[in-house]
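Hello,

Here is the structure I promised to pass on. Please open it first, then read the notes below it.

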Amino acid sequence: MSLERFINQQTSAWMSGTGPDSDVVLSTRIRLARNLENVLFSTILSLEKAKDVVTQVHEAVSDQLALELLKMEDLSPLQKRVLVEKHLISPFLSETSLYGAALISDKEDVSVMVNEEDHLRIQCLASGLQLKETLDKANQIDDVIEEKVQYAFDEKIGYLTACPTNVGTGLRASVMIHLPGLVLTRQMNRIIPAINQLGLVVRGIYGEGSEALGNIFQISNQLTLGKSEEDIINDLDSVVHELMAREQSARDALKQTSPIQLEDRIFRSFGTLSNSRVIETSEAFQCLSDVRLGIDLGYITHISKSILNELMVLTQPGFLQQYAGGPLRAEDRDIRRAALIRERLELDETN
């Protein structure tokens, strides 16, 4: 399969890099946690009842929403890993869920996880900063499902969930944001504790416990109880806009105080990506971050803006093995990663 065809088949709509404020914000994700009334939580369900939950949810959406049902038991470990790398399912659903499933839209901007930690995790993804729009979409899907099933809900507390941190609205809103300027000017160590004090949390690109590769961070709400959905979204939106302003100031400062050093860093990284025959994930992500910064600042004009969004997914182990057509050892993945990046850059230059 050609790389161009592989990219066209494997990239999701949220990777397009065409959304609002996409020079800094890569994507927006909204997730709603829901459970069925009078049904034990997924982690202690019997196999028979877990299958029944999948059936109920599938029937609830099949008439009104075009979503494909994927049962975890029918997928290979590699297929599940690819879905995790595309942010369409969680590692929990992939590895530990009892008879889990996912209902995924054709554009892969909607994913309804079934029998994850909760019976339902309704997830919507969008390019750029689109918190309110993405929440509206998630709520529309939520309404469709609630027409057919009864949720576990308390008038005082709100939606009941397996983890107390999700009780209330059940809403987890997150923004994936690229902050090379703040990292290079060494401001992130001061900013992260300040964000935490506002009831938000800063994580790596794959959520809790993951590393902030390539200067990419996830900013999300920590509290779901005692706040309305609107308050949660407004608070996150306010912090993200502040981060965007600070990032722009940091980029301007770098251009003014160290223009040659900044340009040298960007083109050295471009040279590494263009010529490497072996490259590890962390080095690839750092170089991709520098190149994306160079595109945003106008230093690099012949490479598309979506490159960071695409390659941060396509160079992950699952995708590399899928593109190769089978399992790869770690050192072979590093070789494949370098080759795929070179091909991707050449493809842009040719087009």
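Start with the helices. Helix α5 (residues 131-146) packs on helix α8 (residues 229-257) at an angle of about 150°, and their axes are 10 Å apart. Angles over 145 degrees count as roughly antiparallel, so that is how α5 and α8 are described relative to each other. The crossing of α5 past α8 is right-handed. On the α5 side, the contact uses L131, K132, L135 and N139. On the α8 side, E229, I233, N234, L236 and D237 meet them. By type, the residues of this contact are 4 nonpolar, 2 polar and 3 charged. Keep in mind that this is a predicted model.

Now the sheet. It is open and has 8 strands, in the order β2-β3-β4-β5-β1-β8-β10-β9, with antiparallel pairing. Which strands stand at the edges? They are β2 (67-71) and β9 (200-203). Each has a single partner strand, so one side of each has no neighbour in the sheet. From one strand to the next, the twist averages 20°. As a reminder, strands of a sheet pair through backbone hydrogen bonds, either parallel or antiparallel.

Look next at β4 (residues 110-114). Is this strand mostly covered or mostly open? It is mostly covered, with 5 of its 5 residues buried. Both faces are covered. V110, V112 and V114 are buried on one side, and S111 and M113 are buried on the other.

β4 has these pairings:

- With β3 (residues 101-105), β4 runs antiparallel, joined by 4 bridges. A101 has V114 in β4 as its bridge partner. The β3-β4 hairpin has 4 residues between the strands, and E108 there takes a positive phi near 60°.
- With β5 (residues 120-127), β4 pairs in the antiparallel sense over 5 bridges. S111 has Q123 in β5 as its bridge partner. The β4-β5 hairpin has 5 residues between the strands, and N115 there takes a positive phi near 60°.

Then move along the sheet to β8 and β10. β8 (residues 171-178) and β10 (residues 216-221) form an antiparallel pair over 5 bridges. I177 stands opposite F217 in β10.

One more helix belongs here. Helix α7 (residues 188-197) lies across β9 and β10.

Best wishes

Terms used
Residues are numbered from 1 along each chain as its sequence is written. This is a predicted model: local features need pLDDT of at least 70, side-chain atom pairs count only at pLDDT 80 or more; totals for chains, interfaces and linings use all residues. Side-chain values use heavy atoms; hydrogens and water are left out. Axes are lines fitted to C-alpha atoms, for helices over the stretch in contact, and angles run from 0 to 180 degrees between N-to-C directions. Helices (H or I, at least four residues) and strands (E, at least two) are DSSP runs, numbered from the N terminus. Angles under 35 degrees count as roughly parallel, over 145 as roughly antiparallel, 65 to 115 as roughly perpendicular and the rest as oblique. A crossing is left-handed if the near helix is turned anticlockwise from the far one by less than a right angle, and right-handed if clockwise. Contact means heavy atoms within 4.5 Å. Ala, Val, Leu, Ile, Met, Phe, Trp, Tyr, Cys and Pro count as nonpolar, Asp, Glu, Lys and Arg as charged, and the others, Gly among them, as polar. Two strands pair if DSSP finds at least two bridges between them. Buried means under 20% relative accessible area, exposed over 50%, partly exposed in between (1.4 Å probe, protein chains only).
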